[in-house]
Amino acid sequence: MTTQLMTTTQFMMTRRLGRPIQVAKMRCCHMHSTSKEMMPDFDRTQKIFANKSSWELLRATVMFRCAATPWLMNPARSLINDAFERQHLPLAKSGAPFDRLLLWLVKQTAFRHFTGGETLSECHAVGVSAAKDGVKLIVDHSVEEREDPSAWQPNLEAKCQLLRDLREQMPGQVTFLPVKVTALASPSMLEDVTVWLQGGGSLAARFRLGKKTETSMQDCLANLRVLCTAARETGIPVLLDAEQSYRQPALDWLAMEVMKEFNVRGETPWIYNTYQMYLSDALDRVQRDIRAGVKGDFTFAAKVIRGAYLVTEAERARELGAPVPTHPTKEDTDKAYNAAIGAMLEQIHADPDSAAVVVATHNRDSITLANRGDAGAGAGEESSPRSPGSDHGHVREHHHRAGAGRVQQPQAGSLWRL
Ligand SMILES: Cc1cc2nc3c(=O)[nH]c(=O)nc-3n(C[C@H](O)[C@H](O)[C@H](O)COP(=O)(O)OP(=O)(O)OC[C@H]3O[C@@H](n4cnc5c(N)ncnc54)[C@H](O)[C@@H]3O)c2cc1C
């Protein structure tokens, strides 16, 4: 069996039908195939970074040292943001030479480290290099949320086209396509639907949502169906990104609706919902949705993350005088994370066709636990994997994308995110 070896600041593993499939969201990546007996050894840096040049390693070291220096990073961040903002201003108002120098520096350092490039062909080069190590990619073209109906259809078409391009131009190199539903549907509809669901989700209350919200909800479902159909046709499943807590229940609901249609038991699941385990209610929601998958006779597919909006969730709660929706401590989040992975693995062990999981984390302990197959919730030792029934097979990857889970791109449409 091939398992994965990775040293990474970001790592994803999918596990289905008792076999691990590991993928990473990456830009530069090395991947070393290894045998099942070899658990990921994060200390074997010589092997892990064998494909990196000294310059790349030096650049990464300096960059991470800088990123860990608040007195440097805080002013630098504002300067960089301002330079991005000024990019499109008339010359007189832009900070021209200084801005250009700053953005050039960013491009030579963080950009090169954290992204796959600006075009699909640049990503392709990364994919070829990664493939040498048995590593596959998650490729995305960043599109941010828009409360603008005229943007959703083109965004959907762009995503479907990207799936087709990936199949044609990077065959066998890409495992998933991430999707932000707020780029394809109304963010305010998600908030209204969340309020409806949090109020019990009754049919009567649904009528009170109003025609506009109902239509928007149906449009969103239709868009997701188009996307899943493209995913199925191209063989590249989609991962729905998680959003803020005041939108996530709507996303859960929409995702489960589409999973019922597209995640047919015994076949590749084409759509994964994301669970942010820093949310106090997330473990309950994972367990609820595992049960729903079993009851509904479809494959419940989940990407499990800790969550990226810790600060803004706390700020919003403070502003509204509402309880903070996240766990009070990092340890609580860690426990919930490992318990969710454990619950998913347990379900997969009990009934391999009923669930699929992507372990999306930079956390070494979680990766080690998940790889052992016992992420804290009683799943037994990993059984001998059967040969993969899905397109993904055994993929092992590591990469070095660090920092925030998502790099928010200043210019939608200009950057390919890996
Ligand atoms: C492939 C991939 C896809 C992703 N997709 C999404 C997505 O769709 N939506 C999204 O929001 N994020 C997404 N992320 C980002 C993800 O949420 C962050 O990578 C993650 O939060 C960082 O945590 P970690 O698991 O890597 O581990 P760690 O570095 O061990 O954990 C850091 C995390 O712990 C939590 N935490 C830290 N301090 C506290 C505290 N005091 N109390 C409670 N919790 C705390 C926070 O969630 C923090 O981000 C994705 C990441 C990856 C790798």
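User: How many helices and strands does the protein have?

Analyst: The protein has 14 helices and 14 strands. Helices (H or I, at least four residues) and strands (E, at least two) are DSSP runs, numbered from the N terminus. This is a predicted model: local features need pLDDT of at least 70, side-chain atom pairs count only at pLDDT 80 or more, and totals for chains, interfaces and linings use all residues. Residue numbers start from 1 along each chain as its sequence is written.

User: What is the mean pLDDT of the protein?

Analyst: pLDDT is the predictor's confidence in each residue, from 0 to 100. Its mean here is 79, and 78% of the residues reach 70 or more. Over residues 1-38 the pLDDT is below 50. Residues 377-418 also stay under 50. Where pLDDT is low, the predicted coordinates should not be read in detail. That caution covers the 150 contacts beyond four places in sequence that the model has for residues 377-418. Two residues are in contact if their C-beta atoms, placed from the backbone, lie within 7 Å.

User: What share of the 418 residues is buried?

Analyst: A residue is buried if 20 or more other C-beta atoms lie within 10 Å of its own, exposed if 12 or fewer, and partly exposed in between; C-beta atoms are placed from the backbone. Buried residues make up 44% of the 418.

User: Which residues touch the most other members of the largest nonpolar core?

Analyst: In soluble globular proteins, nonpolar side chains tend to be buried together. A nonpolar core is a set of buried Ala, Val, Leu, Ile, Met, Phe, Trp, Tyr and Cys residues joined through C-beta atoms within 7 Å. The largest one here has 79 residues, and Val238, Ile271, Val304, Ala340, Ile341, Met344 and Val357 touch the most other members. Helix 13 (residues 330-350) gives this core its largest share, eight residues.

User: Which residues does Val304 touch?

Analyst: Leaving out residues up to four places away in sequence, Val304 touches several, including Tyr337, Ala340, Ile341 and Met344. Val357, Val358, Val359 and Ala360 are also among them.

User: How many bridges join strand 11 to strand 12?

Analyst: Two strands pair if DSSP finds at least two bridges between them. Five bridges join strand 11 to strand 12, and the two run parallel. Val304 stands opposite Val359 in strand 12.

User: Which residues point one way from strand 12, and which the other?

Analyst: In a regular strand the side chains alternate between the two faces of the sheet. From strand 12, Ala355, Val357, Val359 and Thr361 point one way. Ala356, Val358 and Ala360 point the other way, and all are buried.

User: Which strands pair with strand 8?

Analyst: Strand 6 (residues 137-138) pairs with strand 8 in the parallel sense over two bridges. Leu137 has Val174 as its bridge partner in strand 8. Strand 9 (residues 238-240) also pairs with strand 8 in the parallel sense, over three bridges. There, Val179 stands opposite Leu240. Strand 8 (residues 174-179) is mostly covered, with six of its six residues buried.

User: Is Val311 buried or exposed, and why?

Analyst: Val311 counts as exposed because it has 9 C-beta neighbours inside 10 Å. Val311 is found in helix 12 (residues 310-320).

User: What phi does Asp297 have?

Analyst: Asp297 has a positive phi of about 60 degrees, although it is not a glycine. Its place is the loop between helix 11 (282-296) and strand 11 (300-305). Asp297 is exposed, with 11 other C-beta atoms within 10 Å.
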